[in-house]
Amino acid sequence: MRTTVGAERIAASFRDPSGFLFTRNGVLYRQINKTYAQDYSLFMGSGLYENLVKNGLLVPHEEVDESPEEPSNCYKVIRPQKVGFISYPYEWSFSQLKDAALATLTVQRRAMKHGLSLKDASAFNIQFHEGKAILIDTLSFKAYKEGEPWVAYRQFCQHFLAPLALMANVDVRLSELFRNHIDGIPLDLASRLLPLRTRLNFGLLTHIHLHAGAQARYAGRVIASSKAGMNRQAFIGLLDSLKNTVQALDWKPVGTDWADYYTFTNYTESAFEEKRRIIDGWVDRIQPSSVWDLGANTGLFTRIASEKGIPSISFDIDPAAVEKNYRRVKAEKEKKILPLVMDLTNPSPSLGWNNHERDSLAARGPADMVFALAVIHHLAISNNVPLPELADFFSDLGKWLVIEFVPKSDSQTQKLLASRLDIFDQYVLAEFERYFEKRFLIREKVAITGSERYLYLLERR
């Protein structure tokens, strides 16, 4: 697709005929097409924009005098406030997806009061900005017409209700189905996977099981508008039912491998504090503009950076650890830390149309500084990733690397080796340094008192 010099289309917005996102010289813009002019004017003139922005439910924007990317189709160009890090529903914890669902329903209720309605309810239109779920798609609104059904109803059920119901009633890891179904989890699939008892839940019976049955019965058929219509009272009743159903879903973050990691760590209290002090000093010295904490568990060390005002992301494979981290973010109203679920041995790939619609983890980087604390032994020994591959991986993700080497003699590594043959001859300190020095300069190396572990501050070559 052609763009002007210095500009780049954002692949995630290509499906919307109302407009598209592009960057020019590093600044994010959105072109609003002429076809959306009437709805945009209604949206901006109705008071809904001010209401949503004031209440932190919509990312604000400015109308700007910037040349459009497609002048013949352009009505206006706006400059939205940039969200720090774009995350995806398959990277969210249970409560993050639940809060995104409730934010979408709140936006829809407020839109109706201003004579508008959401024309789509994609989970990808929600992002976590300064600790809160927020709508980022300004072009999601259309004029509400009395009697029309909610056109985004099916999408809401597929993007929010079905995955939440599966996570709460079957297994929290089923959120990963979103990776294969980026248009939402098909309701017939969700209906088959959910246990029989969920048919006794009125909301799940109505919005998933019966909804899936109706989809099958009416597939490919044209429904007369008189049959598909919905008056305002019924519309509000539908939104209330969805809200009550979502609010009733719950999941307790217990029983996973790493949810209680810090309860069982082999660090002494003094060694743990020394590790924290060393990392704190390095963050003060480098003053990174962003931090990614890989294998962050509940974000204990991530907060060394986030509490200094540095935008920081806590990645962990354990959904319970990420859930606990997110609940703390909410409870303490933290704005600089974003917890996400991520398997480092299988990080989020590029997905969607032409593999460009949703970016891979690496494409959303690099971070200025990466933490890899007490994680390398899991990658090298539990997952057989060779040291040269690990050095390449970390150097792609950030300029500065704070990494902890955990030797074979460490009790945590011994646990990993207890149930398997030790084929890891190269997993020794000297080989670690040899391979990582090919990609990094060792700026500092510190033995952690009271343990056999080492902390390194590395700078990418």
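Rings of Phe, Tyr and Trp (its six-membered ring) pair if their centres lie within 6.5 Å. The model discussed here is predicted.

Q: Which kind of pair do the rings of Phe 128 and Tyr 326 form?
A: Phe 128 lies in strand β7 and Tyr 326 in helix α12, so the pair ties together parts that are 198 residues apart in sequence. Both residues, Phe 128 and Tyr 326, are buried. Planes over 60 degrees apart count as edge-to-face. The planes of Phe 128 and Tyr 326 stand at 80°, so the pair is edge-to-face.

Q: Is Cys 74 buried or exposed?
A: Buried means under 20% relative accessible area. Cys 74 has 14% relative accessibility, so Cys 74 counts as buried.

Q: Which strands are the edge strands of the open sheet of 7 strands?
A: The order is β12-β11-β10-β13-β14-β16-β15, with mixed pairing. An edge strand here pairs on one side only. The edge strands are β12 (337-341) and β15 (440-447).

Q: In β14, what is the bridge partner of Val 370?
A: Strand β13 covers residues 367-372 and pairs with strand β14 (residues 398-405) in the parallel sense over 5 bridges. In β14, the partner of Val 370 is Leu 401.

Technical notes:
Residues are numbered from 1 along each chain as its sequence is written. This is a predicted model: local features need pLDDT of at least 70, side-chain atom pairs count only at pLDDT 80 or more; totals for chains, interfaces and linings use all residues. Side-chain values use heavy atoms; hydrogens and water are left out. Buried means under 20% relative accessible area, exposed over 50%, partly exposed in between (1.4 Å probe, protein chains only). Two strands pair if DSSP finds at least two bridges between them. Helices (H or I, at least four residues) and strands (E, at least two) are DSSP runs, numbered from the N terminus. Rings of Phe, Tyr and Trp (its six-membered ring) pair if their centres lie within 6.5 Å; planes under 30 degrees apart count as stacked, over 60 as edge-to-face and the rest as tilted.
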